[in-house]
Amino acid sequence: MSEWTRTVTVDGPGRTQALAERLGGQLRAGDLLVLTGELGAGKTTFTQGLGRGLGVREGIISPTFVLVRRHPSVPDGPRPGGPDLVHVDAYRLGSAAEVDDIDLEDTVDTAVTVVEWGAGKVEHLAESRLEIVLERAVGADPLGPGAPSGTGAGPEDPGRTDEDSDEDPSDPDEDPDDEPRRITLTGIGPRWAGGPPRLD
């Protein structure tokens, strides 16, 4: 059951990353984040900002083809000794059972785990989670906080091909312009019972 929901609107990838960086600075080992959004909504862009806030090694790109990438904390970064970032793309995983096959339970308690396309697949991994929905604020279909793919691009969408991948962090498919993005955060479980993190 959700404890709270907060929605903010940001202009362009730079501000998306800045918001995520502020959030990343407040995350701790064991936090699970589930990212939902259409192609190009900015999921990988958001994760790059989280990585900066966490102080992990640079070079975050979508783990589309390898499913999981681990980014270690940098000893001389802003949070030395902080948690690693485990970045997952669950698009090609059809169920919670397939998620279990990639052994996320080995790291979920010691790292911050961010799962793109994870709604309906990873909720069993932790008692608490932060659900984050990114959508184009202009000209986009509404996408509810609990919906896995409300804008027509999700695990059942046959239209996504490898060419649509946001593997390259500069890929024009991934948040290419300054079009506003609406970001909705929903905190679920005891970890988030105290209210939303500070984002300003």
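Before anything else, a definition: helices (H or I, at least four residues) and strands (E, at least two) are DSSP runs, numbered from the N terminus. With that in hand, look just past helix α2, where G55 takes a positive phi of about 80°.

Now some housekeeping. This is a predicted model, in which local features need pLDDT of at least 70 and side-chain atom pairs count only at pLDDT 80 or more, while totals for chains, interfaces and linings use all residues. Residues are numbered from 1 along each chain as its sequence is written, and side-chain values use heavy atoms, with hydrogens and water left out.

The chain has 3 helices and 7 strands. In sequence order the pattern reads β-α-β-α-β-β-α-β-β-β. Of the 200 residues in the chain, 52% are buried. A contact means heavy atoms within 4.5 Å. Among contacts with a separation of 6 or more, 78% are between residues 24 or more positions apart.

Back to α2, which covers residues 43-54. Its 12 residues reach 16 Å from first C-alpha to last, close to the 16 Å expected at 1.5 Å a residue; the expected span is 1.5 Å times one less than the number of residues. How much of α2 is buried? The count is 11 of the 12 residues, so the helix is largely enclosed by the rest of the structure. Those buried residues include K43, T44, F46 and L50. They pack against α1, β2, β4 (84-89), β5, β6 and β7.

Next, strand β6, residues 129-136, where 8 of the 8 residues are buried. Both faces are covered: R129, E131, V133 and E135 on one side, L130, I132, L134 and R136 on the other. Which strands pair with it? Two strands pair if DSSP finds at least two bridges between them. Strand β2 (residues 32-36) runs parallel to β6, joined by 4 bridges, and V34 stands opposite E131. Strand β7 (residues 180-188) runs antiparallel to β6, with 8 bridges, and there E131 stands opposite T186.

In β5 (residues 111-116) I would point to T113. It counts as buried because its relative accessibility is 0%. Leaving aside neighbours within four places in sequence, T113 is in contact with D31, L32, L33, V86, V88 and V108.

On to the nonpolar cores. A nonpolar core is a set of buried Ala, Val, Leu, Ile, Met, Phe, Trp, Tyr and Cys residues joined through side-chain atoms within 4.5 Å. The largest has 25 residues, and L23, L33, F46 and I132 touch the most other members. At least two residues of this core come from each of β1, α1, β2, α2, β5, β6 and β7. Not counting residues up to four places away, L23 touches L33, F46, L50, L130, I132, L185, P197 and L199. Apart from that core lies another of 15 residues, among them V86, V88, A90 and A126.

R22 counts as partly exposed because its relative accessibility is 36%. Beyond four places in sequence, R22 touches R198, L199 and D200.

Last, the aromatics. Rings of Phe, Tyr and Trp (its six-membered ring) pair if their centres lie within 6.5 Å; planes under 30 degrees apart count as stacked, over 60 as edge-to-face and the rest as tilted. The whole structure gives 2 such pairs. W4 and W192 are edge-to-face, at 6.3 Å centre to centre and 85° between the planes. W4 is in β1 (residues 2-11) and W192 in the segment after β7, so the pair ties together parts 188 residues apart in sequence. Both of these tryptophans are buried.

The other pair is Y91 and W117, also edge-to-face, at 5.3 Å and 65°. Y91 lies in the loop between β4 and α3 (96-100) and W117 in the loop between β5 and β6, so this pair links parts 26 residues apart. Y91 is buried at 11% relative accessibility, and W117 is buried at 3%.

Methods
Buried < 20%, exposed > 50% of the residue type's maximum accessible area, 1.4 Å probe, protein only.
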